[in-house]
Amino acid sequence: MDIKRKIAAIFVGLLSTNVVLADWDLNMREGVTAISREIYGLHMLIFYVCCAIGVFVFGWMIVALVMHRKSKGAVAAQFSHSTKAEIIWTLIPAVILIAMAVPAAKTMIKVEDDRNPDITIKATGYQWKWKYEYIDEGVSFYSNLARTSNDARRLGSGIDPNSVPNYLLEVDNHVVVPVNKKVRVLITSNDVIHAWWMPDFAIKKDAIPGYINQVWFIAEEPGIYRGQCAELCGQDHGFMPIVVEVLEEEAFEARMASLKAEFGTDAPKLAASQ
Amino acid sequence: MAHTNDKYYVPHGSHWPIVGSVGLLLTMVGVSGWLNGGDISPYIFALGLLVVIGMMFGWFGNVIDESEGGIYSDQVDKSFRMGMSWFIISEVMFFAAFFGALFYTRNMALPWLEGGSNNFFTGLLLWPGFEAMWPSNGPAAIGGAFQTMSAWGLPALNTAILLTSSVTITIAHHALRDDKRGMTAIFLGLTVLLGFIFVYFQGIEYIHAYQDLNLRMDSGIYGSTFFMLTGFHGMHVTIGALMLLIVWIRVMRGHFTAKHHFAFEASAWYWHFVDVVWLGLFIFVYIL
Amino acid sequence: MSAATSNDATHDDHHDHGPELTGIKRWLYTTNHKDIGTMYLVFSLIMLFVGGAMALVIRTELGQPGMQFVQPGFYNQMVTMHALIMIFGAVMPAFVGLANWMIPLMVGAPDMALPRMNNWSFWILPAAFGILLATLFVPGGAPAGGWTMYPPLVLQTGDAFPMLIFSVHLMGISSIMGAINIIVTIMNMRAPGMTLLKMPLFVWTWLITAYLLILVMPVLAGAVTMLLTDQFFGTSFFRAAGGGDPVMFQHIFWFFGHPEVYIMILPAFGIVSEIIPTFARKPLFGYSSMVYATASIAFLSFIVWAHHMFTAGMPLTGQLFFMFTTMLIAVPTGVKVFNWAATMWKGSMTFETPMLFAVAFLFLFTIGGFSGLMLAIVPADFQYHDSYFVVAHFHYVLVPGAIFGIIAGVYYWLPKWTGHMYNEFLGKTHFWLTTIFVNLTFFPMHFLGLAGMPRRIPDYATQFADFNMIATVGAFGFGLSQLLFVWVIIQCARGGKKATAEVWENPVGLEWTVPSPAPHHTFDEPPVVK
Ligand code: HEA
Ligand code: HEA
Ligand code: CUA
Ligand SMILES: [Cu+2]
């Protein structure tokens with residue numbers, strides 16, 4: 001990115017959000033799961049609520065700042081309280097908040113309902129890579145930052161990140177999952193705390209050593225989705241991305257077969273215990 | 001609002017605070033280096049401690065002179081009382097952190113490790129076969145098998161000792177209030193004695209734990225909570241007993257009056273505080 | 001030896017104005033709340049620059065994608081130290097300094113209640129931060145686990161580890177002693193007739209802040225002590241294998257941590273509540289509801305802590321509980337914001353520098369509050385958490401919140417301290433530069449966070465490049481503007497237009513009844529408040 005564009009970017013960024021909207025992502029992604037869209041909805045709702053309140057509060061203050069200034073010859077009134085007003089602006093926010101809390105709680109209950117998944121994958125954080133085990137499938141492999149990114153990110157590597165496709169967001173082995181199937185991910189860690197963040201599924205869960213957290217998603221569109229480790233885990237915290245590849249059923253089967261051939265190991269079995 | 005109109009005594013500059021800071025600096029640098037294996041660090045640490053202790057004698061010396069010199073108004077006295085009570089409250093919160101750790105691990109962490117609540121897979125995949133119970137040194141049985149200290153041996157005796165001691169100190173206090181100096185000296189001395197006996201028994205208990213029960217600080221979460229709670233309490237008993245000892249010496253020197261004996265009361269409050277903490281310990285660490 | 005505090009000293013000596021000791025001893029041995037207040041304020045200004053310089057290292061590396069200047073490990077050290085220094089070294093001491101200077105003047109007390117301990121609480125700070133800064137030079141470098149010090153990561157710190165723990169202990173001791181002193185001063189030293197509900201709001205907010213400090217600092221001390229024993233003495237508080245839980249540290253830390261963030265904003269609320277009535281020439285609207293709101297914020301702050309841990313895997317009920325309590329805090333805070341607006345309404349406002357900063361505080365803190373509320377919505381927080389959206393949130397409440405509050409207070413009281421008016425033109429210039437650059441720095445971070453940029457990373461995917469560039473430019477602008485602030489202060493201390501006792505157009509409060517500069521000893525005879 002040459003310096004001219006940077007300067008331009010700065011002013012554009014300052015002046016007009018519309019222009020910005022055009023070429024940069026400014027807002028949360030809607031994602032590709034029912035939950036992620038619901039969460040996006042919540043995000044926009046609370047955002048607009050805040051905007052509305054902002055318009056009111058800021059508007060009120062701006063009017064005061066403009067009209068009630070000494071230079072405009074304003075003389076100070078001397079009132080110092082009004083129980084009615086204070087009750088109103090205690091109650092109204094309270095009501096607004098309850099109205100916010102209800103849909104949020106509803107979504108939470110859905111998010112936590114991880115019953116009967118179609119497949120279960122165990123994701124284990126390591127300093128600084130992820131290990132994925134397909135429970136009952138006997139497939140397990142590590143997923144490291146892609147070579148291209150890893151070379152470019154070295155201090156003074158001289159490689160321009162812009163020349164690297166998916167800089168810092170590509171790994172050697174993708175996680176593959178079938179489209180429209182309920183996938184459960186068991187998240188844990190082998191050393192320090194990491195976090196498994198996949199924005200397009202609206203999933204972020206900490207990987208705690210010695211404990212297992214669980215999340216689930218049903219991806220509705222095939223494609224490659226990219227996320228990153230989201231809990232500080234040491235010097236290379238910024239360099240352990242997560243890539244999930246959502247495939248059509250048969251493509252998925254094919255990939256699993258080749259993965260088995262390549263990485264076939266003794267991943268944990270659960271069938272018995274469930 | 002208790003504002004007496006006679007002027008407030010604002011002391012002139014004192015060098016003790018800065019001495020104290022230097023002392024603390026040396027202590028902390030020393031102990032840090034020590035933990036990192038620095039070989040002169042222990043000496044720095046010791047030096048720091050000496051400076052801090054020296055500071056305390058010097059600083060409190062001044063305060064005692066001033067108070068005996070009668071330049072303190074009732075208002076100053078009240079400031080001291082308030083200060084001491086809030087200091088004790090902060091101490092309470094310090095212990096609260098460790099009690100919190102005890103409750104959290106007992107009632108949440110261990111059941112989760114077994115697979116409880118939303119941790120089904122924690123138990124199933126990471127710690128198969130682990131059963132949450134208390135006492136526990138965790139799924140990996142850190143520190144190996146151990147037995148717990150029975151509440152009805154030394155601990156019960158220690159409880160009795162502390163309870164008695166808070167009776168004796170109250171008697172001493174009343175005696176001081178109606179100017180029965182002899183009584184004061186005897187019962188205060190008794191309190192100090194009981195305090196040190198408590199610490200002595202605690203020491204015996206620790207030796208017993210390490211030698212016969214294989215109950216050590218690294219015996220998983222049980223050992224951790226047990227030794228941190230009782231250890232910090234023991235430390236506070238020692239401090240409290242030393243405070244009372246100094247008060248005792250001052251009583252012998254004829255300090256304090258029936259009306260003004262803040263140092264006495266402050267130490268007494270502190271003593272009741274360690275007493276209450278012990279009751280909490282006895283119930284939650286030993287009995288339950 | 002102990003002549004400095006010899007017991008033959010009687011209060012009569014206090015009638016001579018000016019310090020008893022001169023030269024360096026005046027500062028080392030002082031028991032004067034004004035001297036100690038000054039030392040606190042100077043210390044915190046220095047720390048603002050040290051922490052700020054680290055922020056600039058951060059921003060420089062983040063200026064464009066790719067690693068240009070520092071190693072990732074060092075970047076993490078900068079982030080950790082930046083936060084610790086700003087919070088414990090810049091913001092908190094600044095507020096304690098203001099409390100030292102103003103509370104005795106505001107309640108009509110001759111000094112703080114426990115003057116020697118007051119001096120000690122200050123002089124512990126240089127020791128604490130000496131140790132903390134020294135970690136930059138020990139094997140393994142400074143702590144790099146984030147200011148939240150989560151285990152197990154923090155246990156990977158090198159020789160800096162015990163130094164980190166013990167410097168935190170020292171900071172704790174210092175704040176607790178400071179808090180005790182403030183409570184006792186307010187409760188025991190008020191002039192006759194100064195009833196609780198006549199106290200200025202700055203005194204009220206500080207009283208409540210002091211309670212918070214006494215209740216949470218020891219808990220932090222306990223938490224880091226457990227880290228220490230886990231590291232060196234084989235305990236298993238935060239080790240699953242031994243029956244502990246790494247997440248337990250987060251619970252204990254945030255039980256301290258959330259009240260801590262209100263410790264950093266409540267005194268600012270107080271300052272703003274002093275300034276706005278003065279320049280609106282109109283009494284503060286809803287004084288008593290301001291007091292109750294502050295109290296309820298303080299109370300609520302004890303039952304919201306786990307909103308920092310929504311992704312740690314709490315059971316559903318826990319998540320919902322902490323979401324509700326967290327959202328509740330918006331209500332009392334709202335009451336305050338509305339009361340401030342109502343105070344300006346139908347006032348007769350002028351916009352000297354303190355007022356400008358106070359007004360900017362109202363707008364920008366509220367923006368930070370809104371983003372806070374968004375973070376409280378658990379499902380949405382799954383997207384926001386540990387992203388730059390959080391970084392944007394807390395810098396809005398901390399920089400144009402806490403820091404603006406402090407700056408406003410400094411401009412407001414500087415004439416009382418120095419006896420001179422500061423240069424109004426430079427003051428206003430400083431305001432406009434600071435306000436423009438602070439938004440330039442932190443507003444784009446909202447976009448970065450929503451677009452998916454995690455926090456605590458030294459390098460990022462290329463689509464984040466442009467906003468990061470903007471933030472970096474803003475940060476340098478903001479930093480340079482603060483050099484102007486320092487210049488204004490020095491200039492004002494050196495000389496300038498003489499300030500009257502009132503300084504501003506009939507402001508309320510005892511502090512304006514004493515001459516400017518405030519004599520070394522004030523209110524030897526307690527004033528009587530009607
Ligand atoms: C001065 C410091 C300060 C203050 C005042 C606040 C105030 C608030 N904070 Fe913030 N917060 C921090 C400092 C602060 N915070 C820091 C440092 C972190 C990050 C720590 C770390 O991880 O390193 C953090 C992180 C943080 C998180 C965790 C985010 C995450 O890591 O995922 C959350 C989540 O709930 C949160 C919420 C809130 C809320 C609800 C408030 C509320 O108090 C805000 C209330 C104010 C308003 C709402 C605006 C005014 C109100 C009105 C105008 C009335 C009407 C409004 C409505 C009805 C909406 N904060
Ligand atoms: C009160 C607290 C406070 C304050 C005032 C600030 C002030 C600033 N902060 Fe900080 N910050 C935190 C508290 C604070 N911060 C916390 C708690 C974190 C989280 C840490 C963690 O994740 O563990 C954080 C993290 C944090 C990050 C995220 C790092 C990461 O997650 O990777 C960034 C990134 O931009 C940042 C930037 C800044 C900047 C630019 C300022 C600016 O406002 C600073 C401006 C001041 C100066 C610049 C002063 C200096 C002037 C000079 C030094 C003279 C020379 C100047 C020039 C030559 C220009 N801060
Ligand atoms: Cu792994 Cu951050
Ligand atoms: Cu919080």
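## Chains A and B

Together, chain B and chain A bury about 1,000 Å², and 69% of that area is on carbon and sulfur atoms. Buried area here is the accessible area (1.4 Å probe) that two parts lose on being put together, summed over both. B:Phe121, B:Leu125 and B:Leu126 supply 53% of the area that chain B buries against chain A, more than any other three residues. Twelve residues of chain B are in contact with 13 residues of chain A; contact means heavy atoms within 4.5 Å.

## Basis of the model

The model is predicted: local features need pLDDT of at least 70, side-chain atom pairs count only at pLDDT 80 or more, and totals for chains, interfaces and linings use all residues. Residues are numbered from 1 along each chain as its sequence is written, chains are lettered from A and ligands numbered from 1 in the order in which they are written, and side-chain values use heavy atoms, with hydrogens and water left out.

## The copper site

Three histidines coordinate the copper ion (ligand 4): C:His258 through ND1, C:His307 through NE2 and C:His308 through NE2, at 1.9 to 2.0 Å. Donors are N, O and S atoms within 2.8 Å of the metal (3.2 Å for Na, K and Ca); water is not among the atoms, so the site may look incomplete. Along the chain the donors follow the spacing H-x48-H-H.

The site links distant parts of chain C: C:His258 is in helix α7 (residues 246–263), while C:His308 is in the loop between α9 (287–300) and α10 (316–328), 50 residues apart. Helices (H or I, at least four residues) are DSSP runs, numbered from the N terminus. C:His258 is buried at 4% relative accessible area. C:His308 is partly exposed at 21%. Buried means under 20%, exposed over 50%, and partly exposed in between (1.4 Å probe, protein chains only). The copper ion (ligand 4) and the iron atom of ligand 1 are 4.5 Å apart.

## Around ligand 2

The shell around ligand 2 has 36 residues; C:Arg59, C:Tyr75, C:His82, C:His395 and C:Arg456 come nearest. A residue belongs if one of its heavy atoms lies within 4 Å. By class, 27 are nonpolar, six polar and three charged. Helix α2 of chain C gives the most, with eight residues.

Polar side-chain atoms also approach ligand 2. An N or O atom in the side chain of C:His82 is 2.8 Å from a nitrogen atom of the ligand. For C:His395, the distance to a ligand nitrogen is 2.9 Å. C:Arg455 has a polar side-chain atom 2.9 Å from a ligand oxygen.

Definitions and conventions: Helix = DSSP H or I, 4+ residues; strand = E, 2+ residues; numbered from the N terminus. Polar contact = N/O pair within 3.5 Å; in protein donor to acceptor, adjacent residues only side chain to side chain. Nonpolar A, V, L, I, M, F, W, Y, C, P; charged D, E, K, R; others polar.
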